[in-house]
Amino acid sequence: MIFKNRTKPLPLRKLDAAIPRLSPQFPGLPKMKEDAKKQQQGYTGEIKVDYFIDNLAPMYSILRDVYLRVNGKNFQIDSYIKADYSIYVVDAKNYDGMIIFNTLLKQLTRSDGKIESGFEYPITQVKNQTFHLQNWLSHHNFSHIPITSLVAIADPSTIVKVEGSQEEVGKYVTHAANVSDLILTRERQLARKGAKKLPAHQIERAILHECREFDINLFKKYGVRPTDILPGVICRDCGLRGMKRVHSGWWCPKCRQKHYNAHLKALADYLLLVKNTINNKECMWFLALDNRGTATRILKKSGLIYDEKYKHWYKKN
């Protein structure tokens with residue numbers, strides 16, 4: 001059973017919304033684009049791994065993108081799977097080309113045939129996640145819960161090489177397509193040893209109660225100011241920021257396409273990047289409207305909730 005589905009990470013949603021609304025001369029823009037590309041690659045890898053983990057959903061409990069806090073530290077788990085006898089912490093990795101695990105130096109390098117790059121050691125990362133989860137479980141009176149750590153390589157074409165102990169890497173690292181079979185094999189071994197079954201759904205309910213969403217302060221990290229966020233309705237076909245309001249829709253003067261609900265993305269961008277409420281005047285400014293009545297009609301049909309006391313609109317959580 002899937003207790004928590006995966007959604008596009010909030011930091012990536014913020015970057016995707018902000019990048020088209022910044023001046024091309026904005027100093028932090030190259031770094032934002034680079035980070036957005038990396039985060040998108042990571043998210044794509046998680047989706048690929050999810051495809052194979054879904055095979056376990058009829059039998060086991062699955063939570064995706066778990067973000068918890070213990071002992072003053074936050075930690076994040078890509079995929080949590082609770083089977084009959086063990087919890088499995090699965091960390092998804094999405095690399096192109098060839099990766100090399102150096103078990104002596106605890107180092108990972110990737111080569112695409114031209115450039116060699118270094119990364120955090122995935123086995124150390126997943127071990128740390130497991131350590132924090134074990135502490136969190138102990139703090140919530142779930143003691144002596146066995147946890148197995150796995151690193152899932154998302155792309156089947158990624159070549160994995162080892163400098164050092166292949167046995168050590170093989171204990172933790174596998175391609176995504178092998179994850180389900182590896183877990184099922186491990187569960188059969190534990191069953192034969194007479195392992196104690198884990199509680200039904202108490203752990204998952206406790207996690208969901210405290211699970212939060214990882215976020216970043218866009219303004220602090222990249223030096224973005226609210227005034228840097230440029231207004232306008234963006235054309236989904238050509239990317240022009242500045243669609244014109246016409247009868248019952250929006251018209252793009254560049255590609256001459258018409259869309260009826262292009263303003264919904266703009267409103268979502270405002271609530272994500274500027275502030276979490278919007279009033280009529282702010283709507284007129286951000287959508288480049290010159291008619292107050294039009295702004296009111298748009299807000300009423302936007303799916304947002306109106307706060308009569310403060311005279312503004314907000315999105316229901």
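Me: Let's start with Lys82. Is Lys82 buried or exposed?

Reply: Keep in mind that this is a predicted model. To call a residue buried, we want a relative accessible area under 20%. Lys82 has a value of 4%, so it counts as buried. You'll find Lys82 in strand E3, which covers residues 73-82.

Me: Okay, and which side chain makes a polar contact with the side chain of Lys82?

Reply: That would be Glu204: a polar contact of 3.2 Å joins the two side chains.

Me: What else is Lys82 in contact with, leaving aside neighbours within four places in sequence?

Reply: Glu204 turns up again there, and the list also has Tyr60, Ser61, Ile87, Leu198, Pro199, Ala200, His201 and Ile203.

Me: What is the volume of the second largest pocket?

Reply: About 750 Å³. Here 24 residues form the lining, and Arg13, Ala268, Leu271, Leu272 and Lys315 are the closest to the centre. H1 and helix H8 (262-273) each supply at least two of the lining residues, and H8 gives the most, with eight. By class, this lining has eleven nonpolar, four polar and nine charged residues.

Me: Last topic: sheets. How do I read the strand order E14-E16-E15?

Reply: The general idea is that strands of a sheet pair through backbone hydrogen bonds, either parallel or antiparallel. In this case, three strands form an open sheet in the order you gave, with antiparallel pairing.

Me: Why is one side of E14 and of E15 left without a neighbour in the sheet?

Reply: Because strand E14 (277-278) and strand E15 (305-307) stand at the edges, each with a single partner strand. For E14, two bridges make the link to strand E16, residues 312-314.

Me: And which residue in E16 stands opposite Thr277?

Reply: Look for Tyr314.

Notes. Residues are numbered from 1 along each chain as its sequence is written. This is a predicted model: local features need pLDDT of at least 70, side-chain atom pairs count only at pLDDT 80 or more; totals for chains, interfaces and linings use all residues. Side-chain values use heavy atoms; hydrogens and water are left out. Helices (H or I, at least four residues) and strands (E, at least two) are DSSP runs, numbered from the N terminus. Buried means under 20% relative accessible area, exposed over 50%, partly exposed in between (1.4 Å probe, protein chains only). A polar contact is a pair of N or O atoms within 3.5 Å; within protein, one must be able to donate a hydrogen and the other to accept it, and residues adjacent in sequence count only if both atoms are side-chain atoms. Contact means heavy atoms within 4.5 Å. On a 1 Å grid over the protein atoms alone, a cavity is a set of points where a 1.4 Å probe fits but cannot get out, and a pocket is an open set with protein on both sides within 12 Å along at least five of seven lines; lining residues have an atom within 4 Å of a point. Grid points are joined across faces, edges and corners, and a volume is the space filled by probe spheres set on the points. Ala, Val, Leu, Ile, Met, Phe, Trp, Tyr, Cys and Pro count as nonpolar, Asp, Glu, Lys and Arg as charged, and the others, Gly among them, as polar. Two strands pair if DSSP finds at least two bridges between them.
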